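The following exercises concern the structure displayed below. Each task is followed by a solution worked step by step.

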Amino acid sequence: MSSNDPTITKPGLGMALLPIVLTLAVLGVQLFYFGDFTPHIPLAIGIAITALVGLKLGHKWDNIEEGVFHVINISLPSVSILITVGMIVGIWIASGTVPTLIYYGLKILSPELFLAAGMVLCSIVSVSLGTSWGTVGTVGLALMGIGAGFGIPMYWTAGAVVSGAFFGDKISPLSDTTNLAPAVTGTNLFDHIRNMLPTTVPSMLIALVIYLIVGFTLIDTSQVSFERIDAITAALDEAFWISPLMLLPALLVIFLAVKKQPPIPSLFAGAVVGGIMAMAFQGAGLHETFTFANSGYSIDTGVAEIDPLLNRGGIQSMMWTISLVLLALGFGGALERTGCLQAIIEVIIARVKSFAGIQTSAILTSVATNTVAGDPYLSIALPGRMYAPVYRGMKYSPLNLSRAIEEGGTLVSPLIPWNAGGAFVISALALGIADGNFENLLYIPLAFACWLSPLIGIFYAMTGLFSPKASEEEITAWEDSGEPVAELTA
């Protein structure tokens with residue numbers, strides 16, 4: 001059934017907000033009253049509430065169901081990356097890749113430079129891989145181990161990892177979100193990447209300075225137990241064969257990414273090579289390697305700081321996150337199909353007429369969609385489709401819009417714990433939020449680059465800096481292709 005069916009009523013603002021408000025209320029009860037960080041059931045209830053609203057508006061269940069599974073289907077490549085990263089984490093620990101990174105990191109990095117260097121390393125790897133999730137689950141995991149060795153709180157290390165990893169995801173031409181944003185706004189990929197640099201570069205430089213200041217002032221290096229670091233490196237050296245050769249799986253994945261190979265087969269190739277090295281150099285059997293890929297790695301080194309980071313990985317470790325992602329996607333798909341999100345955005349557009357207002361609204365709409373729907377892809381795709389005609393009507397380049405939805409979509413995603421990005425970060429970095437370690441949620445304000453970039457974008461919108469007008473070529477292209485252009489006259 002089409003949304004143009006005359007039997008379907010378009011929701012007003014109150015009706016559109018109803019399923020969102022009720023779902024947030026149920027989510028609040030679960031998270032804050034019961035103290036249970038498992039948002040799965042509230043999101044499932046949210047799908048049911050949205051479906052009831054849709055039925056009230058005249059939608060048939062088949063139509064709502066189609067909308068739910070349409071959004072899930074679009075995002076299945078991300079689920080595939082989650083599964084592959086789960087395999088990689090288990091196998092790369094067994095192969096000695098992650099232990100080698102931790103070992104050399106503890107030997108080479110100083111506590112003062114650790115946070116800044118970790119952010120830079122994650123940004124380089126993420127640009128190369130085109131996936132923030134892959135970077136967080138591999139290099140980020142190793143950095144968590146190094147940070148633990150230095151006695152640095154987990155939330156500081158996680159903040160630096162997230163800042164670097166999602167910076168790379170935002171500007172990598174291999175990233176799915178970086179390709180999605182220009183696709184839904186009708187802009188060129190590399191023009192889009194260039195137009196993001198005015199917000200990305202300053203936010204990363206500010207974050208880098210903050211991490212350097214923290215490293216040299218707030219981290220008490222006199223309290224760093226080098227005996228503990230020696231104990232960690234000795235335990236790693238005893239349990240694994242440590243050698244630069246063990247970095248081969250990671251180098252292979254980076255090489256394939258530089259060659260612009262698709263991320264899923266590239267990551268899987270890294271898992272296969274890691275499995276071979278686990279059998280050839282670490283004494284693992286074939287069945288053990290399969291178990292590591294499915295159920296994760298398990299070892300008892302006797303060193304409390306390192307065991308929790310090594311006893312992890314495997315496809316099954318990702319199932320909590322995957323189930324959350326699927327439910328969040330389903331909720332977002334139901335909201336989109338019933339017209340609730342569209343109705344809310346149209347109200348915003350009707351009340352905001354200046355470029356600064358529209359640009360700010362686009363960023364905040366992506367943030368709100370991230371918060372409510374829990375899906376970074378929907379937070380890019382939906383505002384991109386809805387706001388593009390408005391930018392054309394104002395004669396501003398849609399490059400402004402593609403940057404706005406990346407800032408509110410890609411970068412804010414890891415800062416929302418029930419979002420797909422936030423849930424993955426919490427799971428992959430073993431922050432233990434579900435176990436009551438709520439202090440580790442401090443990684444959210446400490447991921448400086450992720451929230452500074454949207455703020456800088458809003459500043460540019462208000463001042464007119466780095467806010468290109470539409471070129472004659474763009475206007476001609478809109479006319480030739482029949483792209484919708486909003487009429488903005490009163």
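**Exercise 1. The nonpolar surface patch**

Solution. The model is predicted: local features need pLDDT of at least 70, side-chain atom pairs count only at pLDDT 80 or more, and totals for chains, interfaces and linings use all residues. Residues are numbered from 1 along each chain as its sequence is written, and side-chain values use heavy atoms, with hydrogens and water left out.

Step 1. Patches are made of residues with over 30% relative accessible area and no salt bridge; like charges are joined within 9 Å, and nonpolar side chains (Val, Leu, Ile, Met, Phe, Trp, Tyr) within 5 Å. Accessible areas come from the Shrake-Rupley method with a 1.4 Å probe, and for residues only the protein chains shown count as cover.

Step 2. Phe268, Val272, Ile276, Met279, Leu286 and Phe290 make a nonpolar surface patch of about 570 Å².

Step 3. Helices (H or I, at least four residues) and strands (E, at least two) are DSSP runs, numbered from the N terminus. Helix α13 gives the most to the patch, with four residues.

Step 4. Leu286 is found in α14. The relative accessible area of Leu286 is 49%, so this residue is partly exposed; buried means under 20%, exposed over 50%, and partly exposed in between (1.4 Å probe, protein chains only).

**Exercise 2. The surroundings of Ser95**

Is Ser95 buried or exposed, and what does the side chain of Ser95 reach?

Solution. Step 1. Ser95 belongs to helix α4 and is buried, with 0% relative accessibility.

Step 1. A polar contact is a pair of N or O atoms within 3.5 Å; within protein, one must be able to donate a hydrogen and the other to accept it, and residues adjacent in sequence count only if both atoms are side-chain atoms. The Ser95 side chain reaches the backbone oxygen of Trp92 at 3.1 Å, and a polar contact of 2.8 Å joins it to the side chain of Thr97.

Step 2. Residues up to four places away in sequence not being counted, Ser95 touches Met246, Gly274, Met277, Ala278 and Gln282.

**Exercise 3. The salt bridges**

How many salt bridges does the rule count?

Solution. Step 1. A salt bridge is a side-chain nitrogen of Lys or Arg within 4 Å of a carboxyl oxygen of Asp or Glu. The count comes to three.

Step 1. Arg337 pairs with Glu66, with the closest N and O atoms 3.7 Å apart. Because Arg337 lies in helix α16 (residues 319-337) and Glu66 in helix α3 (residues 61-74), the pair ties together parts that are 271 residues apart in sequence. Arg337 is partly exposed at 22% relative accessible area, and Glu66 is partly exposed at 45%.

Step 2. Asp191 pairs with Arg194, the closest N and O atoms being 2.3 Å apart. These two residues of helix α10 (residues 189-218) are three residues apart, about one helical turn.

Step 3. Arg403 and Glu407 meet at 4.0 Å, N to O. Both Arg403 and Glu407 are buried.

**Exercise 4. Helix α21**

Why is helix α21 described as largely enclosed by the rest of the structure?

Solution. Step 1. Nine of the nine residues of α21 (residues 420-428) are buried, so the helix is largely enclosed.

Step 1. At the N-terminal end, Asn419 caps α21, a side-chain oxygen lying 2.9 Å from the backbone nitrogen of Gly421.

Step 2. Ala430 follows α21 and has a positive phi, near 55°.

Definitions and conventions:
Contact = heavy atoms within 4.5 Å.
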